[in-house]
Amino acid sequence: YRHLAALFFRETDKAVAFCRFLGARGIDISAQTYKADCPPAALTKLPLTAGYQTVDFLLARMEEALCSLEI
C-alpha cells in the first residue's frame, strides 16, 4: 500500500546524497549502506495515515532528488 518502499542504488554515495537532499527539505528518509551483501538503498516508512496528497508530494520531491544526482 505504498507505505514501505526502497530505492536501490549502484553507488553508496548516490544513496547518501539522495537522502541528504530530501533531509534538507524536511523529509525523513534513511540510507541503508552498511550491509555488505545488499545494495545501498533509500528506505521510506510512511505512516499508514498518509494520503494520496502526501505520497504525491513525497514522490515529487524524490524525483527532484533523483534529477539532482549525476547518474
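Biologist: Let buried mean a relative accessible area under 20%, exposed over 50% and partly exposed in between, with a 1.4 Å probe and protein chains only. What is the relative accessible area of Ala50?

Modeller: This is a predicted model, in which local features need pLDDT of at least 70, side-chain atom pairs count only at pLDDT 80 or more, and totals for chains, interfaces and linings use all residues. Residues are numbered from 1 along each chain as its sequence is written, and side-chain values use heavy atoms, with hydrogens and water left out. Ala50 is placed in the loop between S3 and H2; helices (H or I, at least four residues) and strands (E, at least two) are DSSP runs, numbered from the N terminus. Ala50 counts as buried because its relative accessible area is 9%.

Biologist: What is the order of the strands in the sheet?

Modeller: Two strands pair if DSSP finds at least two bridges between them. S1 and S2 each pair on one side only and are the edge strands, and the open sheet has the order S1-S3-S2.

Biologist: Is Gln32 buried or exposed, and which residues does Gln32 contact beyond its neighbours within four places in sequence?

Modeller: Gln32 belongs to strand S2. With a relative accessible area of 16%, Gln32 is buried. Contact requires heavy atoms within 4.5 Å. Beyond those sequence neighbours, the residues in contact with Gln32 are Cys38, Pro39, Pro40, Ala41 and Leu43.

Biologist: How far apart in space are Thr44 and Leu58, C-alpha to C-alpha?

Modeller: Thr44 is part of strand S3 and is buried, because its relative accessibility is 8%. Along the sequence, 14 residues separate Thr44 from Leu58. In space, their C-alpha atoms are apart by 9.9 Å.

Biologist: Why are H1 and H2 described as oblique to each other?

Modeller: Axes are lines fitted to C-alpha atoms, for helices over the stretch in contact, and angles run from 0 to 180 degrees between N-to-C directions. Angles under 35 degrees count as roughly parallel, over 145 as roughly antiparallel, 65 to 115 as roughly perpendicular and the rest as oblique. The axes of H1 (residues 12-23) and H2 (residues 52-68) come within 9 Å. H1 and H2 are therefore oblique, their axes crossing at roughly 130°.

Biologist: How many residues of the contact of H1 with H2 are nonpolar?

Modeller: H1 contributes Phe18, Phe21 and Leu22, and H2 contributes Arg61, Met62, Glu64, Ala65, Leu66 and Ser68. Ala, Val, Leu, Ile, Met, Phe, Trp, Tyr, Cys and Pro count as nonpolar, Asp, Glu, Lys and Arg as charged, and the others, Gly among them, as polar. On this basis two residues of the contact are charged, one is polar, and the number of nonpolar residues is six.
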